[in-house]
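Subject: Structure for you to look at

Hello,

Here is the structure I promised. Please open it and keep it on screen while you read my notes.

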Amino acid sequence: MLIKHLDYLAHQKWMSRALDLAQVAGDADEIPVGAVIINSSGNLIAEGENRKERDKDPTAHAEIVAIREASQKLQTWRLNQCTLYVTLEPCPMCAGAIVQARVGLLVYGVDDPKTGAIRTVSNIPDSAASNHRLRVIGGVLESSCRQQLQAWFANRRQVSN
């Protein structure tokens with residue numbers, strides 16, 4: 001039981017860091033999503049936040065940015081000993097990249113009812129086409145992740161009116 005509690009505290013710690021990165025993205029007029037990758041020893045390997053608008057790159061989602069950085073630092077595309085934390089359930093593109101990178105564990109904050117490709121709209125990791133079985137934990141700091149996204153979108157709607 002103690003190990004599970006320690007794991008939960010670690011998940012909260014890293015999701016809090018991902019929320020901080022999401023805030024950076026939101027402050028830069030990007031959809032506020034942040035991602036963190038740690039290794040099996042619990043050390044930070046890479047971070048990313050949404051950068052689509054700033055980089056003029058449709059693939060610059062937080063998860064992809066973090067996966068690219070982790071792969072460069074570790075000098076391998078195989079991230080099977082790593083955990084990826086992300087504030088929002090990954091989209092189909094990011095879910096595919098997570099599977100291709102062989103990420104060991106995905107921990108996400110809030111479900112995405114529009115494009116969630118892990119459990120909500122579709123399930124890419126468990127698809128017959130997937131060559132990697134991804135372990136997934138959803139709902140870590142779910143309320144904080146949801147509130148951050150909702151506040152950002154509400155503010156955008158208010159500004160555009």
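This is a predicted model: local features need pLDDT of at least 70, side-chain atom pairs count only at pLDDT 80 or more; totals for chains, interfaces and linings use all residues.

A residue is called buried under 20% relative accessible area, exposed over 50%, and partly exposed in between.

Salt bridges

How many salt bridges are there by the rule used? The count comes to 10.

Start with D57. Its side chain meets that of R68 in a salt bridge, 3.8 Å from N to O. This pair links distant parts of the chain, 11 residues apart. R68 sits in helix 3, and D57 in the loop between helix 2 (52–55) and helix 3. R68 has a relative accessibility of 43%, so R68 counts as partly exposed.

Next, find D29 and R156. Their side chains form a salt bridge at 3.7 Å, N to O. Here 127 residues separate the partners, and again distant parts of the chain are linked. D29 belongs to the loop between helix 1 (2–27) and strand 1, while R156 belongs to helix 5 (residues 142–160). D29 is partly exposed because its relative accessibility is 48%. R156 is partly exposed too, at 40%.

Now stay in helix 5. R146 forms a salt bridge with E142, and their closest N and O atoms are 3.0 Å apart. Both residues lie in helix 5, four residues apart, or about one turn of the helix. R146 is partly exposed, with a relative accessible area of 34%. E142 is partly exposed at 30%.

There is also a network of salt bridges. It links E30, E49, R51, R54 and D55.

Helix 3

Which residues of helix 3 are buried? They are A62, E63, I64, V65, A66, I67, A70 and S71. These buried residues pack against strand 1 (34–38), strand 2 (44–49), strand 3 (83–88) and helix 4 (92–100). After helix 3 comes Q75, and its phi is positive, near 55 degrees.

The annotated site

The UniProt record, an unreviewed entry, carries the annotation "binding site" for H61, C91 and C94. These residues span 34 residues in sequence, yet no two of their C-alpha atoms are more than 9.3 Å apart, so they gather at one spot. H61 and C91 from this set are in the lining of the largest pocket.

Look at C91 in the loop between strand 3 and helix 4. C91 counts as buried because its relative accessibility is 13%. Not counting residues up to four places away in sequence, C91 touches H61, E63, T115 and A117.

Then turn to C94, which lies in helix 4. C94 has a relative accessible area of 0%, so C94 is buried. Leaving aside neighbours within four places in sequence, C94 is in contact with H61, E63 and I64.

Best wishes

Note on methods:
Residues are numbered from 1 along each chain as its sequence is written. Side-chain values use heavy atoms; hydrogens and water are left out. Buried means under 20% relative accessible area, exposed over 50%, partly exposed in between (1.4 Å probe, protein chains only). Helices (H or I, at least four residues) and strands (E, at least two) are DSSP runs, numbered from the N terminus. Contact means heavy atoms within 4.5 Å. A salt bridge is a side-chain nitrogen of Lys or Arg within 4 Å of a carboxyl oxygen of Asp or Glu. UniProt positions are given in the numbering used here, feature names are shortened, and annotations may be inferred rather than shown by experiment. On a 1 Å grid over the protein atoms alone, a cavity is a set of points where a 1.4 Å probe fits but cannot get out, and a pocket is an open set with protein on both sides within 12 Å along at least five of seven lines; lining residues have an atom within 4 Å of a point.
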